[in-house]
2 protein chains.
Amino acid sequence: MGSDTSEASKVPRTERGRRTQRKLLDAAAIEFGDRGFHDASISSITRRAGVALGSFYTYFDSKDAIFRALVLDMSEAVKVAARDAIDDTMSPLTIERAALESFLRFAGEHKEIYRIIDEAEFVDPESYRAHYETIGERIALRLEEGGKAGELRANLGEVEAWALMGMNVFLGLRYAIWSREGDPAADEVARIANSLLAKGIRA
Amino acid sequence: MGSDTSEASKVPRTERGRRTQRKLLDAAAIEFGDRGFHDASISSITRRAGVALGSFYTYFDSKDAIFRALVLDMSEAVKVAARDAIDDTMSPLTIERAALESFLRFAGEHKEIYRIIDEAEFVDPESYRAHYETIGERIALRLEEGGKAGELRANLGEVEAWALMGMNVFLGLRYAIWSREGDPAADEVARIANSLLAKGIRA
């Protein structure tokens, strides 16, 4: 996934080191997602990663540290997935639709993300809050740019940004994590949500 | 707060018993909110409630049981707060605005609600899911009624209901739990969110 884990992990100097750190983060995502923070263990993470137990400490100081790095890594991965789905030629509303669709697909492929981010509220409250504040600021910026371009209303701000973030998080919870047979696909969910954004729900 | 705790607690036969059960639930909200599920204890709950330790088991079988009852109680309390803020003469959009404003005020006065509901994801996943599915169904029903009344679009469904629920949950997180000096008040947040709902964000 992403790579902006510098605050919580040591920065590897070699490409091989970066690959090992990546393996540890991917293994940690599975371990924390399956077992939760308290039951997860460093030895199980290194076993899953195929890395010697002693090497762990080359990359992370503790279970807390790799958890914190993982939350940052997942924030970054969500950002990268959205950015990859977006291009400059899209209208502001199309950007929101593409960002949501890419998030729904990403969450469907990484179902552990909800459990890990949500557990951060208890294990590492600062990371939890930073995760949402960062996304909220990014959305607010997109709305502001859309306003400047004359395609969105000019007075959109933080309230709309958090409303939009909440929509996306809960649509991911319902349609990626708690998905059911017969549900609309990601592109259809994103289309319906985008229609709400574009014109509201008034008749 | 609410009273629909029958699945997780024993039903008191006397008014005095109901009052004691109420005291235990209110004390549990503070205890679980302050200390989290794992560090919370039955003895501390009864001490906070001013109830003899032995009496606890007249009302609940275990710490798990009172936690489950508390999640149901909080779901019910949110519902009651919204219902009390709404009346039949309101338009469907005004109903959504009043429901959000009442939720923001409720969450501001009961900040422990987020921690408790969110911890249910780990302590009691079924209650967590039921909490949101119940609210989602209630919103979907309101949207459908608004559509029948001709005031909302006729084709609104579960996607819009979950989008709206996510908006409300995240606006509560930002403006009731993580509130900052200079933030707009509850009625202003609800007004802005309602404008998004009414007409969308397109210029």
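Asp84(A) counts as exposed because its relative accessibility is 61%, where exposed means over 50% relative accessible area, buried under 20% and partly exposed in between, with a 1.4 Å probe and protein chains only. The residue belongs to helix H4 (residues 63-85) of chain A; helices here are DSSP runs of H or I with at least four residues, strands are runs of E with at least two, and both are numbered from the N terminus. Between the C-alpha atoms of Asp84(A) and Ser102(A), 18 residues apart along the chain, the separation is 8.6 Å.

The model is predicted: local features need pLDDT of at least 70 and side-chain atom pairs count only at pLDDT 80 or more, while totals for chains, interfaces and linings use all residues. Residues are numbered from 1 along each chain as its sequence is written, chains are lettered from A in the order in which they are written, and side-chain values use heavy atoms, with hydrogens and water left out.

**The annotated span**

UniProt, in an unreviewed entry, lists residues 18-78 of chain A as "domain: HTH tetR-type"; such annotations may be inferred rather than shown by experiment. In the model this span is 82% helix and 0% strand, and its end C-alpha atoms lie 20 Å apart.

**Helix H9**

Ten of the 14 residues of H9(A) are buried, among them Val189(A), Ile192(A) and Leu196(A). Their cover includes helices H5 (92-109) and H8 (158-177) of chain A, and also helices H8 (158-177) and H9 (186-199) of chain B. Just after H9(A), Gly200(A) has a positive phi of about 75 degrees.

**The two chains**

Chain A superposes on chain B by a rotation of 180 degrees with 0.0 Å of shift along the axis (RMSD 0.0 Å). The two copies are therefore related as by a two-fold rotation axis.

| Property of the interface of chains A and B | Value |
|---|---|
| Residues of chain A in contact | 46 residues |
| Residues of chain B in contact | 46 residues |
| Buried area | about 4,600 Å² |
| Share from carbon and sulfur atoms | 68% |
| Salt bridges | five |

Contact means heavy atoms within 4.5 Å. Buried area is the accessible area (1.4 Å probe) lost on putting two parts together, summed over both. A salt bridge places a side-chain nitrogen of Lys or Arg within 4 Å of a carboxyl oxygen of Asp or Glu. The side chains of Arg180(A) and Glu158(B) form a salt bridge at 4.0 Å, N to O.

Note on methods:
Least-squares fit on C-alpha atoms with pLDDT ≥ 70 in both.
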